[in-house]
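Colleague: Can you walk me through this one? I'd like to hear about the chain contacts and some helix packing.

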Amino acid sequence: MDIKTLLELMFGLLTVASAIWVAFTPKLLHAGFSLLFTFFGVAGLYVMLGADFLAAVQVLVYIGGILVLLLFGILLTTAMPTAELTVGGTRRGQGLALGMLLLGLLLLAVFRAGWPLSMNALPETTASDIGKGFMTTWLLPFEVASILLLGAMLGALHLARRAGEDQ
Amino acid sequence: MDFSGLNVAALLPELLVSGGGLLVMALHAAFRGRQDRQLVWVSLASVVAALAFCLNPLTVEPGYFGSALSDPMAFAGRITVLAALVLLLPGGVAYARSRNLPQAEYLSLSLFAATGMMALASAGDLIVLFLAVEVLSISLYCLAGLMGERESSRQAALTYFLAGSFASGFLLFGMALLSGSAGTLDIAALGTGLARVSGTGTQWVALGGVVLMIAGLLFKVGAVPFHSWVAEVYSGSPTVVTAFMSTAAKAAAFAGFGRVLLALGSVSEAWVPLVGICAGATMILGNFTALVQGNFKRMLAFSSVAHAGYLLLGLMAVGAAGESLEAVIFYLLPYVLANAALFLVAAKVSQAGSGNYKLDDYKGLARRNPWLAGLLALLLLGLAGMPPLAGFMGKFMVFSAAVRAGHTGLAVLGILTSVVAVFTYLRPVVYAWFHEPEESGALNLDGGLAFVVWVAGAGLLLLGLWPRLWLDLCAGIGV
Amino acid sequence: MQSMQGMQFAFGVVLMFMVMGLLIGIVALTLSSFIRPHNPTEQKLQIYECGEEPVGSPWMQFNNRFYTVALVFILFDVEVVFLFPWAVIFNDFIKQGLGAFIFAEMAVFVGILALGLVYAWAKGDLEWVRTRRFMKPAAARKGGVA
């Protein structure tokens, strides 16, 4: 086993184990912190797959931004940090069935699919290709993303403001 | 590098509407909220300018390197969304003002949502489709929670957000599998991409993607079995927002849905049974649940579920060769007109009565305002599909398209459930005309609401009598 | 054997850095635990809070402003993510004579997001102690302060 396979396994294990922890711990705050390792493991996997830019985004946005916001959300809500979640519950069977279906589909995608656009050689870095894409072919999604972010911020600020007024 | 494919003009309506939203935000910030009363004019100006550009398109070439199309589908979707905005914004601002909701946020979020809806109707590739869905959804989540002090509004926003995020996840996962196996993000090229991999293992992955995508879209349009969020969200949101969700958002979602299914016509045997079962269940459940509601807003919510069923039937016909989206395109406009006006009327009548949208508020409405009662009857019968109103033509076209495509059983089911719908819609009409009023005194409409109701009523009549007007207009664009 | 190279090697350096950082902490504490005296008393095991006796639960509610600021931060976090690939190709585009074009594209993007900051600022969302100026005219007139 070479070092690459070893690292891939390590990151995969980290991702899966911490994700399981997120799903099954009754403590919300623990779930939040465990998500850190899930995000980090996914970032590692991105690097192993040659997606350097995506890995940087994963760390910058998901760990540095979204997770922080999520933890703030937990800590800012009075009862949340110490609340015990009910794990499982009545819909366990349905959840399991849906999860199995999605897992089956993923396994199918991994083992049976031949992607028409697969590349033989990975590009050394992906940032410049992504940049070119944003500025040309994918210009519309790029600009729409700014409206998306602005709308989300506008609404979230408004909702946060409302919540603050209640006290 | 070749930039002839940029063609910004193809996207001018969207740019104008989103620009209007940005301007509203900027003006609100610049004037520190002192000029909020004028913002509605800014918004309406941008919407009307967008309408003008739609009706007189500078270009029919796709813009932004194929990301934005301007075909009949895009045209119809844009016009429908903009028409809903024209009807809803003035009434919505009056509603916001009377309930002390923030007008600037209402207006700019509505315009951003409309941008997403229009982009969805004209999306040429899956990335734009997804982003457009997200723009409209996220704006609507926030709009649903606009009435923050009220528990039901907060709950509506949260329910909508959770259900919607779940749906977005399915949609995105499905898109990834589908575009990966078809080797393209271009919606129109999905069919040929799938044909290339048919018979291989990839085919199954692609079909899984198709199913997931359809599930996500069914969620977004509120069809059975993914309808559980509809009642709570529609009845908890501020009424003008509910009106926006059930009209413009639904029209745009169906436009996007139609575009995807049209591209997947070559694998129709995979999704037609699925959509068929959902369409049948949606028609039955929507109509029967609407029938037993004692609350006008909830009744409209479930009736919009029922209409989603009819629209799904129209989409199924697309799966068969040779059927166009004409029936769906036609169905949407009168549905949007009638629903938008009815929700605004509901807000008005409820405010003058019980305050919680009871059907009893409509008792004796004819004595208090005969014109309003008459127009209410017209709008409700239009939704029910009574000739000569446009709702009838819409249903007729959908059912006949379904029969031509070989879905006779579902068409019959549609006709039978339409009969149930007639009873649903007749109840407020009977209350209005044949019951004694519980409250006396005239119920006067302000100018804005009267305009909306008259325009919607006239539109229903006009489209019902001359359906070709609208269809020819749509067909004349982009061919 | 496929060795790590190029981009992945660069990330490998980062990974090694993190592993070393972790190891230094663990090794230093473990080693010192062998030679340090071990003599706990009840007083010593108490939570140290600057010499003060801790009062109440540490799970108190934080100021909502943290959330708002984090929200605005994410906006610009994502903006930086979009700026990065743009900056990488900026020179190429200038060489092709398209510098103004992609500058305008990014200016639109940044401008739209900057409007969000202006909005948050004007609304007083960024002020730590907020007096409401124009959010709800009716409430403000009655002297309502958050």
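Predicted model: local features only at pLDDT ≥ 70, side-chain atom pairs only at ≥ 80, totals over all residues.

Colleague: How many residues of chain A are in contact with chain C?

Modeller: 46 residues of chain A, against 41 of chain C. Contact means C-beta atoms, placed from the backbone, within 7 Å.

Colleague: Which helix gives the most to that side of chain A?

Modeller: H6(A), with 16 residues. Helices are DSSP runs of H or I, at least four residues, numbered from the N terminus.

Colleague: OK, chain B. What touches chain A there?

Modeller: 38 residues of chain B contact 26 of chain A. H5(B) gives the most to that side of chain B, with 10 residues.

Colleague: Now packing. What angle do H12(B) and H16(B) make?

Modeller: About 40 degrees, with the axes 8 Å apart. Axes are lines fitted to C-alpha atoms over the stretch in contact, and angles run from 0 to 180 degrees between N-to-C directions. H12(B) and H16(B) are therefore oblique to each other; oblique covers what is left after under 35 degrees (roughly parallel), over 145 (roughly antiparallel) and 65 to 115 (roughly perpendicular).

Colleague: Which residues make the contact?

Modeller: Among them are B:Tyr310, B:Leu313 and B:Gly314 of H12(B), and B:Lys395 and B:Val398 of H16(B).

Technical notes:
Residues numbered from 1 in each chain as written. Chains lettered and ligands numbered in written order. Contact = placed C-beta atoms within 7 Å. Helix = DSSP H or I, 4+ residues; strand = E, 2+ residues; numbered from the N terminus.
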